[in-house]
Amino acid sequence: MDLSQSFGASSTGKTITVASSCGHRNILQSGAVLNLNAYLPVGTKFVRSGLAAFRPWTANNIELTMDGLTLRLKVDLSVEGAVASSRKFKLLACTNGNRELGHSKIFLGCQ
């Protein structure tokens with residue numbers, strides 16, 4: 001995910017889309033899907049120097065690392081997963097809400 005991009009306002013107009021899977025996307029032939037959004041709240045600007053505060057983290061079967069302006073996500077697709085609260089699917093990995101990437105003003109949410 002290239003964090004230097006901007007794809008304009010979201011459909012609600014509350015955020016500026018930096019990266020998105022544009023809904024649920026199949027991951028190869030695994031049966032798993034990805035739903036990911038990276039955004040800036042409207043009225044804020046990307047603080048590139050704020051990425052220096054980003055620390056790689058792993059939680060709930062998702063590992064995030066930075067390589068320059070590229071965010072890398074790693075998920076183990078062999079994990080069984082847990083039934084989501086909706087009971088409609090199993091959740092393999094989750095960020096547990098929207099998380100700011102360092103102090104960059106960019107937020108990431110995925111499941």
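Predicted model: local features only at pLDDT ≥ 70, side-chain atom pairs only at ≥ 80, totals over all residues.
1. **Ground rules.** Numbering runs from 1 along each chain as its sequence is written, and side-chain values use heavy atoms, with hydrogens and water left out.2. Strands here are DSSP runs of E with at least two residues, numbered from the N terminus. Two of them pair if DSSP finds at least two bridges between them. β10 and β11 pair in the antiparallel sense over two bridges, and they form a hairpin with six residues between them. In the turn, G102 has a positive phi of about 65°.

2. **β11 has another partner.** Strand β11 covers residues 107-110 and pairs with β4, again in the antiparallel sense, over four bridges. One place to look is A38, whose bridge partner in β11 is L108.

3. **The aromatic pair.** Rings of Phe, Tyr and Trp (its six-membered ring) pair if their centres lie within 6.5 Å; planes under 30 degrees apart count as stacked, over 60 as edge-to-face and the rest as tilted. The structure holds one such pair. Y39 and F107 make it, stacked, at 5.8 Å centre to centre with 20° between the planes. Y39 lies in strand β4 and F107 in strand β11, so the pair ties together parts that are 68 residues apart in sequence.

4. **How covered are those rings?** Buried means under 20% relative accessible area, exposed over 50%, and partly exposed in between (1.4 Å probe, protein chains only). Y39 is buried at 16%, whereas F107 comes out as partly exposed at 22%.

5. L36 belongs to β4, which spans residues 36-41. With a relative accessibility of 7%, L36 counts as buried. L36 and R25 are 11 residues apart in sequence, and their C-alpha atoms are 9.2 Å apart in space.

6. T15 sits in strand β1 (residues 15-20) and is buried, with a relative accessible area of 17%. Contact means heavy atoms within 4.5 Å. Leaving aside neighbours within four places in sequence, T15 is in contact with residues including Y39, L40, P41 and V42. G8, A9 and S10 are also among the contacts of T15.

7. **A charge over a ring.** R99 lies over the face of W57, at 3.7 Å from the ring centre. The test asks for NZ of Lys or CZ of Arg within 6 Å of the ring centre and within 35 degrees of the ring normal.

8. **Two asparagines with positive phi.** N60 is not a glycine, yet its phi is positive at about 50°. N60 lies in the loop between β5 (57-59) and β6 (62-67), and at 41% relative accessibility it counts as partly exposed. N96 also has a positive phi, near 60°. Look for N96 in the loop between β9 (90-91) and β10 (99-100); at 57% it counts as exposed.

9. **Cysteines.** How many disulfides does a search of the whole structure find? The count is zero, where a disulfide is a pair of cysteine sulfur atoms within 2.5 Å. C22 is exposed, with a relative accessible area of 56%, while C94 counts as buried at 12%.
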